[in-house]
Structure formats: C-alpha cells, structure tokens
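Hi everyone, thanks for having me today.

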Amino acid sequence: MICTSSLFSALLLAASTIATPLTSGGCSTEKALLTLPDGQDKLAKQTGPPSFALLGAGVQNYTCGADGKYAAAGAVADLYDISCLGGTSKFSTVQDEAYGLLKDGKASCISSKLHLDPSGKHFFTPTASGTAPVWDMRAVGPKGVQGKTGAYVLAAKVANLPAPSGTGDVDWLQLKNVEGLLAKDIYRTETRGGQPPASCAVGSGPISVIYTSKYFLFGSTV
Ligand SMILES: *[C@@H]1O[C@H](CO)[C@@H](O)[C@H](O)[C@H]1NC(C)=O
C-alpha cells in the first residue's frame, strides 16, 4: 500500500532524529504557538511556547442515545510533531491538509506527505468515574521522551469553546493534568470535522467521525 513506511523512510527518520532538539521532536517550539480567537473568554491564555506542538488525526466516536441524539464516546488519534512548521505558512494549514488525507482514506500518508514525525497516541482510558482522555508518548515519541514511564498525561476537561471555524468542527478545549508528566495544561484547537450527525436512529450502532486538530501541551516535566 502507498505511504506505509518503507525501510528508506525509516532510515531517513532515524538520521533526522539524531540531533537533539530543545523540547519537541525535531525543532524548538518557540514559533509553534497556541493562538486563541480575540475576544473569547472561555479558554485561558498561555504565555510562552508549549512543550509540545502536535497535530492529531483520527476519529471521534459516538453512541446513539435513547433520545435519538449522538453522545460522545471517546476518540482515538495519531499524534505528529508540528514544531518544525512553526513560523511557516504550513503551520496554519497542516490540520486542513491532514484532514484531506484522512477523508481520502490516506491516514498512512500523513507522516510522509506532510513530513511530520509520529509523536504519540491520543485515546481514552477507563477510570473510576468513566473514561478520560490520554496523550501518550511512551511507545512513540521524541527522543528523550519516548520510553519514559511518565511520558503521558491523563487529563480532565476545564473549558470548551465552540469551534470558530463552524458547527461541523469539534469544540476547542482546555484540559488539565490528572496524572502523568507529559503536560500540565492541554489545548485542542483548530479542529476540522469530528462532529456527529444531528440525530440518529434509536438502536443504531456506534459511529466514528474523522477529525484533525492541533494539540498544544504545556508544562511538561518528563
Ligand atoms: C473508536 O472507534 C475506533 C474505530 O473506528 C476504535 O478503533 C476505537 O477503539 C474507538 N475508541 C473508543 C474510545 O471508543
């Protein structure tokens, strides 16, 4: 299949990860900044660059309730380091390009076509009170982070902002650390897709809706 990693790209990847970056995978995050819309007061501003600037590409899951409406039921996404796009025009469009690839069924092309290093997984995990979102770089992450036992963050939602880009895009979010060393504060912004249809046939099965977003992780102590 096209775009699954070849030995050649694996070798290139190995070569390109030898230089040790400041924080994120390949580059300093100094120019890979979180931007929030002017005038909004839902999500707290952050001063300074994030510890990690990431692209998320995956699905938001929903189950159909007895009221005929979809309810959120977790998500699963691959994370990619976008720190090297900071300060370039590609930084503002990377979620659109990745969304286009997802829509065309080419999720496996995101890394090679957009020149982004895979940098973790986002998923939901069971907790005492339900499920919680996790960002995890223990198995796949930047040099110096991958393999560390604390290289994950399990988080709880603090606030949400309806996506400024439109009702088809999932909300922007601010979350806070509950467990793990990867971040103290987490933001999901610049979302594309991920919203369910307005209604469902009661008794119908779960659905997965493709989405992309940026994720900004602040305050890592990994
Ligand atoms: C979401 O759905 C995908 C299949 O589309 C599945 O692989 C994943 O485990 C689901 N995640 C959750 C949290 O339900």
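Let me start with a definition: a disulfide is a pair of cysteine sulfur atoms within 2.5 Å. Before we use it, a word on what you are looking at. This is a predicted model, where local features need pLDDT of at least 70 and side-chain atom pairs count only at pLDDT 80 or more, while totals for chains, interfaces and linings use all residues. Residues are numbered from 1 along each chain as its sequence is written, and side-chain values use heavy atoms, with hydrogens and water left out.

Now, how many disulfides does a search of the whole structure find? It finds 3. If you number the bonded cysteines in sequence order, they pair 1-5, 2-4 and 3-6.

To place them, we need the layout. The protein has 3 helices and 8 strands, in the order α-β-β-α-α-β-β-β-β-β-β from the N terminus. Helices (H or I, at least four residues) and strands (E, at least two) are DSSP runs, numbered from the N terminus.

Let's begin with Cys3 and Cys109, whose sulfurs sit 2.3 Å apart. This pair links distant parts of the chain, 106 residues apart: Cys3 is in the segment before helix H1 (7-16), and Cys109 is in the loop between helix H2 (90-103) and helix H3 (110-114). The torsion about their S-S bond is about 100°, so this disulfide is right-handed. Are these two cysteines buried or exposed? Buried means under 20% relative accessible area, exposed over 50%, and partly exposed in between, with a 1.4 Å probe and protein chains only. Cys3 has 19%, so it is buried, and Cys109 is buried at 4%.

Next come Cys27 and Cys84, with an S to S distance of 2.0 Å. Cys27 lies in the loop between H1 and strand E1 (52-64) and Cys84 in the loop between E2 and H2, so the pair ties together parts 57 residues apart in sequence. Cys27 is partly exposed at 24%, and Cys84 is partly exposed at 42%.

The remaining pair is Cys64 and Cys200, at 2.1 Å S to S.

Now let's turn to the ligand. Which residues surround the ligand? They are Asn61, Ala73, Gly74, Ala75, Val76 and Ser208, where being near means that a heavy atom of the residue lies within 4 Å. Strand E2 (residues 70-81) gives the largest share of this shell, 4 residues.

A polar side-chain atom of Asn61 is 2.6 Å from a ligand oxygen, and a side-chain N or O atom of Ser208 is 2.7 Å from one. Ala73 uses a backbone N or O atom, at 3.4 Å. Taken alone, the ligand exposes 360 Å², and the protein buries 45% of that (Shrake-Rupley method, 1.4 Å probe; for residues, only the protein chains shown count as cover).

How values were computed
A polar contact is a pair of N or O atoms within 3.5 Å; within protein, one must be able to donate a hydrogen and the other to accept it, and residues adjacent in sequence count only if both atoms are side-chain atoms.
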